[in-house]
Amino acid sequence: MLFTLMLGKLVVKLAGFAKKDMSIGGKIASRMQKDILKRLKKKITGDFIFIVGANGKTTTRNLLVDIFEKEGFNTGNNHHSKDTYYGVISALIEKTKIFGKTKVDYMVIEIKDITTLSLFKEIIPEYLIITNLIKEQLSRTGEFQITIDNLKKYLQKMTSTTMIFNGDDPVIVDIGMDLKSHVIYYGIDDHNDDDEPEERKCIRCNGTLNYSYINYGQLGKYICNSCDLETPEIDYLATNVSLKDGIYFDLWTKGNEYPFDLPSQGYHNIYNILAALALLDELDIGIDAGELALEKIDIEDIFVDTFYIRKPIFLKEANNISSFEQGLETIGEDEGKIDILFIFDDEDDEEEITFIYDCDWSVLDNINIEKIYVSGDRAFDLGFCIRYLTKAYNKLIVSENEEMTLNQAINGTGEKLYIVTKGKNDKNFEKTLVSMEKKWSKSKKWTRK
Amino acid sequence: MDEKIIIGHLFKEQLNSFGDAGNVEVLKTRLLERNIDVEVREYAINENIEFDELDLIYIGGGKNREKRLVADCLRDWLMELKEYIDSDKPLLVTGSSLSLFGKTVLNQEEEIPGLGILDFVTKKLDEEIEGQIVMDVEIEGQKLALVGYQNINEHYIHTNEVISKMNEEFKEGLLYKHFIGTSLHGPVLAKNKELADILIKWACDKKFEKFENFELADLNDSLENKYRKLVI
């Protein structure tokens with residue numbers, strides 16, 4: 001074990017210096033020591049918090065780590081390594097001291113792929129957060145029901161773990177109902193007069209699941225007409241939600257009300273915040289401490305990078321249906337005159353790209369769009385979506401030349417430009433924008449002289 | 001036109017692996033752009049399907065478990081489905097769901113009985129066929145090139161018309177009356193407006209029999225024309 005740990009640490013460090021994938025350290029260590037995870041867990045004192053789900057994992061993890069650090073706790077996480085099986089091992093190796101026990105307060109681990117839950121065979125966390133199990137997204141990585149059955153199987157063995165579950169997701173609640181462990185639910189009460197009831201198939205009994213409203217995906221308020229699946233009693237409930245100029249909501253828990261007014265955006269982030277707050281309260285750190293910390297934290301915005309080249313430019317990578325829909329939703333909230341540029345270049349991934357047909361494009365129907373530019377290897381796939389799923393076909397400009405299209409979009413008549421990218425060139429694209437921004441800002445200085 | 005075309009989208013929840021629902025959006029848009037009113041009815045498993053009211057049916061592709069659920073449900077509708085197809089109404093099946101309509105699916109381990117609505121047998125291939133494809137096709141005398149993506153591990157043995165004869169061993173798809181089954185999957189019609197218009201024409205001819213020489217108006221297809229110039 002000693003040698004494995006030393007070698008693992010060395011490889012992780014070297015990979016870090018070389019800016020390579022650090023999970024290679026975990027892979028090597030795992031080959032040398034089969035039960036490495038079990039041993040690492042024994043060497044690290046403190047609570048392990050695992051986060052799984054279709055999306056929201058990274059934001060929830062980052063929120064928790066930021067809050068823990070602001071509160072002065074010694075915290076570990078897998079931010080630098082990948083969130084795969086070997087990535088988790090690398091993260092633990094990185095944090096573990098070679099000799100003696102390693103003292104951390106909290107180890108926050110995000111698990112990327114819900115189909116690779118095998119690490120639960122070796123490591124049982126003290127806390128487990130499930131953000132959501134959005135069917136459309138999980139179906140793309142394997143048969144949905146098989147994935148859920150596997151998850152159930154593992155979770156039923158984790159009797160000592162405190163589960164923090166999204167109660168608005170019937171797929172998660174179906175799992176929670178059969179667990180012997182302590183389950184805590186968070187959710188959003190977003191009932192209003194415009195709600196349209198909807199029927200879906202019940203995951204538990206195949207009967208009819210009646211929704212009084214749906215927030216997004218399958219998340220909402222529901223009750224089955226033939227079995228006992230229904231929205232559970234929510235322990236951490238957000239009410240009076242407003243997204244005007246930030247995120248506002250009232251949190252109700254244990255008979256107390258806590259108003260939140262945060263400088264962030266995105267409906268989905270309320271769920272991420274609730275998951276974090278529920279955990280903080282369960283750890284006795286308290287809601288108030290969380291609230292103070294959250295006000296100072298820059299929650300991951302939907303459009304992560306912003307630039308200024310002639311106009312504000314917002315850039316987002318969208319690698320799956322949820323992040324793409326979140327991007328569309330944010331664009332759909334813009335009240336100004338805008339241009340949009342989609343650049344997708346997954347040349348070999350014909351099937352993966354088809355998620356764009358399952359997205360709700362109607363959010364673009366009532367906004368002031370000047371032009372929609374599409375480019376990259378998948379320009380036409382995006383073009384066909386705009387042709388058939390929006391009312392903006394007459395505003396569409398298709399070109400496979402990314403550089404030319406980017407210049408066209410920047411010089412377009414919109415007051416702002418939203419750029420959504422997916423594919424192998426994401427990072428290069430970001431660099432291009434950084435360099436264009438520098439050049440533009442220099443040229444402005446020169447002009448002023 | 002005072003009547004509308006009713007599109008039945010069957011089992012969208014189960015059979016929508018790769019944006020298949022986009023096909024219904026294509027049909028809907030191309031009807032609306034021609035000022036033909038359209039209603040889309042989505043049917044879930046165990047729901048009552050009003051086959052006699054539908055003018056065009058679409059069934060997408062799915063994974064094996066979902067297909068089994070759908071097959072179990074369709075067994076209750078065999079007579080109605082057969083009547084629908086025999087009455088020359090259009091039905092499009094994409095992806096691997098075509099195998100549902102045949103007699104048997106043969107693979108190395110077992111024989112799975114199909115619905116037996118159409119006379120063919122599905123045989124599993126040893127290797128998957130995957131990739132972008134362009135096929136020359138003739139449907140009711142109309143020649144067209146179908147563009148799409150295949151990812152299948154089965155082929156169909158039958159004496160019906162095929163969409164395309166890839167080689168001696170492998171025949172693509174099946175044509176029977178106005179039933180079109182193709183192994184191309186996902187939003188096939190988005191890139192194949194001619195196929196979409198064939199289905200629309202069949203549906204309109206049947207529904208609006210009183211309008212003789214019913215012709216579909218041309219649409220602004222500059223995007224697809226540009227795309228096809230690049231790939232064909």
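Modeller: In this predicted model, strands β7, β8 and β9 of chain A form an open sheet in the order β7-β8-β9, and their pairing is antiparallel. The edge strands are β7 (198-201) and β9 (219-224) of chain A, each of which pairs on one side only. Neighbouring strands of the sheet are turned against each other by 40° on average, with direction ignored. In general, strands of a sheet pair through backbone hydrogen bonds, in either a parallel or an antiparallel manner. Here, β7(A) pairs with strand β8 (residues 208-216) of chain A in the antiparallel sense, over four bridges. Within this part, A:Glu198 stands opposite A:Tyr211 of β8(A).

Chain A also meets chain B: 19 residues of chain A are in contact with 22 residues of chain B. On the side of chain A that touches chain B, the elements giving two or more residues are α12 (350-353), α13 (379-389) and β17 (396-398) of chain A. Of these, α13(A) gives the most, with six residues. By class, this side of chain A has nine nonpolar, four polar and six charged residues.

In chain B, a pair of helices may be considered. The axes of helix α1 (residues 22-32) and helix α4 (residues 193-207) of chain B come within 10 Å and cross at roughly 65°. Therefore, α1(B) and α4(B) are roughly perpendicular to each other, and their crossing is right-handed. The contact involves B:Val26, B:Leu27, B:Arg30 and B:Leu31 of α1(B), together with B:Ala196, B:Asp197, B:Leu199 and B:Ile200 of α4(B). By class, this contact has six nonpolar, no polar and two charged residues.

How values were computed
Residues numbered from 1 in each chain as written. Chains lettered and ligands numbered in written order. Predicted model: local features only at pLDDT ≥ 70, side-chain atom pairs only at ≥ 80, totals over all residues. Axes fitted to C-alpha atoms, helices over the stretch in contact; angles between N-to-C directions. Parallel < 35°, antiparallel > 145°, perpendicular 65-115°, else oblique. Left-handed = near helix turned anticlockwise from the far one by under 90°. Contact = placed C-beta atoms within 7 Å. Nonpolar A, V, L, I, M, F, W, Y, C, P; charged D, E, K, R; others polar. Pairing = 2+ DSSP bridges.
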